[in-house]
Amino acid sequence: MKVVRSPRQLQRILEEERLRKRTVGFVPTMGALHEGHLSLVKAADRENDITVVSIFVNPTQFGPGEDYAKYPRVLGADKRLLGKGKVDYLFCPSVRDIYPPGHATCVTVDGAMARVLCGKFRPGHFQGVATVVAKLLNIVGPCRLYLGAKDYQQAAIIRRFVEDLNMNARVRVMPTVREKDGLAMSSRNRYLGPAERRRALALSRALFELRRDILGKKGTLAFLKARAVRKLKDAVDRVQYFEIVDPVTLAPLKMVRREMVALTACFVGKTRLIDNVIISLR
Ligand code: AMP
C-alpha cells in the first residue's frame, strides 16, 4: 500500500495505471476505519484491478458546533487495518491540499432530496459532501465508487450529482455492516459510553421491528411509524427524525409502497447516530 499525500502526484500515478488499462475502484472515507469501511475495500478489490482508499476529515461537511475538532483521527491504526485488505494506494491529503487558499467552487445538489432528513438538520452538510466527493472523483478518476448504505441519503445525493454532472464513475452502494447485536458500525460509536452503547441499540431495533411489522401487515404506515417513534423516544435522548421515504427521491411516504426506506437520526447522550433499513415488499 503506497501512501500518497499530494493530489497532483496521485493524479499522475493513476493516469499511468489507466494507460496500462487498469480499472480503478475508489473508497472515500474520513478514517477511524471499521469493518463497514473494509467491506467497501473488499468490494473494490473484487471488482477492480487497483483499489484506492482516501482518508480525509472534510471540514466543509461539518456545521458549527459539530464534531469536526474531535472527530477521531487514528491514521496509524487505519493503516494497520487497511494492511489486512488489498489496498494499492492510500490517499491522505491535508486540508490545504484539498482547499488551497482561494478555493471558491462548490457542488450543490439543489433538490428536495437534499433538504429532507439530515439535510434539514445539517444545513450545508451535503454541499460539503458533494464538493469533496466531486473533487476526489476528479483526482482519482475511478471506474467505480464504493459507498455504504449506512449513509443512505449521502449515497442517494452522490448518485444524483454523478449522473447530473455526467461523471464517469459507476456508483456502487454496499449493505450496512452491523455489530453482532445489530448496531450499525460507525466511527462515531467510539464516542458512546457503555450505558449509551446499550441504548444505541434502540435505533436498529426500532427499524427492524418496523420492517417486520410492515411486512407482516400489522397496521397502517402511520400507526407503525408512530409506535416505532414512541419506543425510540423511550430509549434515546432525542429523536431528530424518523421517516419512511421513497428510495430514490427520498420523498416522505404516507402509504405502503413496494419499495421504501425507513431512516432515523437520534442523539444518545451528545452522540448523533443515524441508521436505516430498506423495506421491500417484492
Ligand atoms: P465515513 O468514514 O463515515 O465518511 O464513511 C466512509 C464510507 O463508509 C461511506 O460511504 C459510508 O457510508 C461507509 N460506511 C460507514 N459505515 C458503514 C457501515 N457500517 N457499513 C457499510 N458502509 C459503511
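How much area do domain 1 and domain 2 bury between them, and what part of it is on carbon and sulfur atoms? In this predicted model, the two domains bury about 1800 Å² between them, with 60% of that area on carbon and sulfur atoms. On the domain 1 side, the residues that lose the most area to domain 2 are Leu117, Phe121 and Tyr152, which together make up 36% of what that side buries.

To find your way around, begin with the two parts themselves. Domain 1 covers residues 2-174, and domain 2 covers residues 187-280. Taken over C-alpha atoms, their centres are 26 Å apart. Where the domains meet, 23 residues of domain 1 are in contact with 18 residues of domain 2.

If you look for Asp67 and Arg188, you will find their side chains meeting in a salt bridge, with 2.8 Å from N to O.

Next, follow the helices on the domain 1 side. Helix H5 (118-121) and helix H7 (152-164) are the elements that give two or more residues to the side touching domain 2. Of these, H7 provides the largest share, three residues. Sorted by class, the side of domain 1 that touches domain 2 has 14 nonpolar residues, along with four polar and five charged ones.

Notes
Residues numbered from 1 in each chain as written. Predicted model: local features only at pLDDT ≥ 70, side-chain atom pairs only at ≥ 80, totals over all residues. Heavy atoms only, no water. Domains from an automatic or database assignment. Contact = heavy atoms within 4.5 Å. Buried area = accessible area lost by both parts, 1.4 Å probe. Salt bridge = Lys/Arg side-chain N within 4 Å of Asp/Glu carboxyl O. Helix = DSSP H or I, 4+ residues; strand = E, 2+ residues; numbered from the N terminus. Nonpolar A, V, L, I, M, F, W, Y, C, P; charged D, E, K, R; others polar.
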